Amino acid sequence: METVNATYSYVTNMEVMHILQQIKSTKKKFGMRNLATVTYEALQYLEESPCKVQTRETISSYLRDLSTYKLRPHEILQMVNDPPTSALHTQLLIDDNKAPLTDEQNEAIIQLTHKHFQPSSTEQQPQTTTTTAATSTSITTAQAQAQ
């Protein structure tokens with residue numbers, strides 16, 4: 001087998017999900033018996049991952065905002081596919097061989113993640129109904145102090 005075109009690019013989970021949805025929607029399954037199973041399993045995983053709320057526009061704006069940090073392409077791809085939610089999560093996604101991120105940079109990246117990939121308010125409602133008593137108490141206390 002010969003490589004015809006040696007160029008490549010990274011593909012995000014969102015793009016993979018869209019490709020698999022197109023494959024799933026086609027009537028003909030390209031003659032492969034197990035393609036439907038693989039497509040179904042991969043879609044199940046991707047539809048429960050952060051890529052379900054991502055769009056090309058949000059990813060593009062996220063990439064523009066991340067360009068101020070000296071990140072490698074594979075690190076940026078990991079941040080798009082698995083958006084960091086904590087400083088530890090950010091550090092695990094970044095190869096800190098040269099210079100690790102400062103605490104301020106970590107926090108800024110987490111804020112960018114929330115800004116660009118925060119799910120809509122209708123999707124957050126089920127999460128807020130399953131809060132713990134401690135969280136409910138702190139929310140109630142904060143609301144009382146605000147009034």
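**H4.** I looked up the buried residues of helix H4 (73-81). They are Glu75, Ile76, Leu77, Met79, Val80 and Asn81. Buried means under 20% relative accessible area with a 1.4 Å probe, protein chains only. Helices here are DSSP runs of H or I with at least four residues, strands are E runs of at least two, and both are numbered from the N terminus. I then checked what covers these H4 residues: the cover includes H1, H3, helix H5 (87-93) and H6. Contact means heavy atoms within 4.5 Å.

**Model.** I note that this is a predicted model, where local features need pLDDT of at least 70, side-chain atom pairs count only at pLDDT 80 or more, and totals for chains, interfaces and linings use all residues. Residues are numbered from 1 along each chain as its sequence is written, and side-chain values use heavy atoms, with hydrogens and water left out.

**Whole chain.** I found 8 helices and 0 strands in the protein chain. Of its 147 residues, 27% are buried. I also looked at contacts with a separation of 6 or more: residues 24 or more positions apart account for 57% of them.

**H1.** Helix H1 covers residues 13-25, 13 residues in total. From first C-alpha to last it reaches 18 Å, close to the 18 Å expected at 1.5 Å a residue. That expected span is 1.5 Å times one less than the number of residues. Its buried residues are Asn13, Met14, Met17, Leu20 and Ile23. An α-helix has 3.6 residues a turn, so residues three or four places apart point the same way. I see that the cover over the buried H1 residues includes helix H2 (35-47), helix H3 (56-66) and H4.

**H1 against H2.** The two axes, lines fitted to C-alpha atoms over the stretch in contact, come within 10 Å and cross at roughly 140°. That makes H1 oblique to H2. Among the H1 residues that meet H2 are Val16, Leu20 and Lys24. On the H2 side I noted Leu35, Thr39, Ala42, Leu43, Leu46 and Glu47.

Methods
Buried < 20%, exposed > 50% of the residue type's maximum accessible area, 1.4 Å probe, protein only. Axes fitted to C-alpha atoms, helices over the stretch in contact; angles between N-to-C directions. Parallel < 35°, antiparallel > 145°, perpendicular 65-115°, else oblique.
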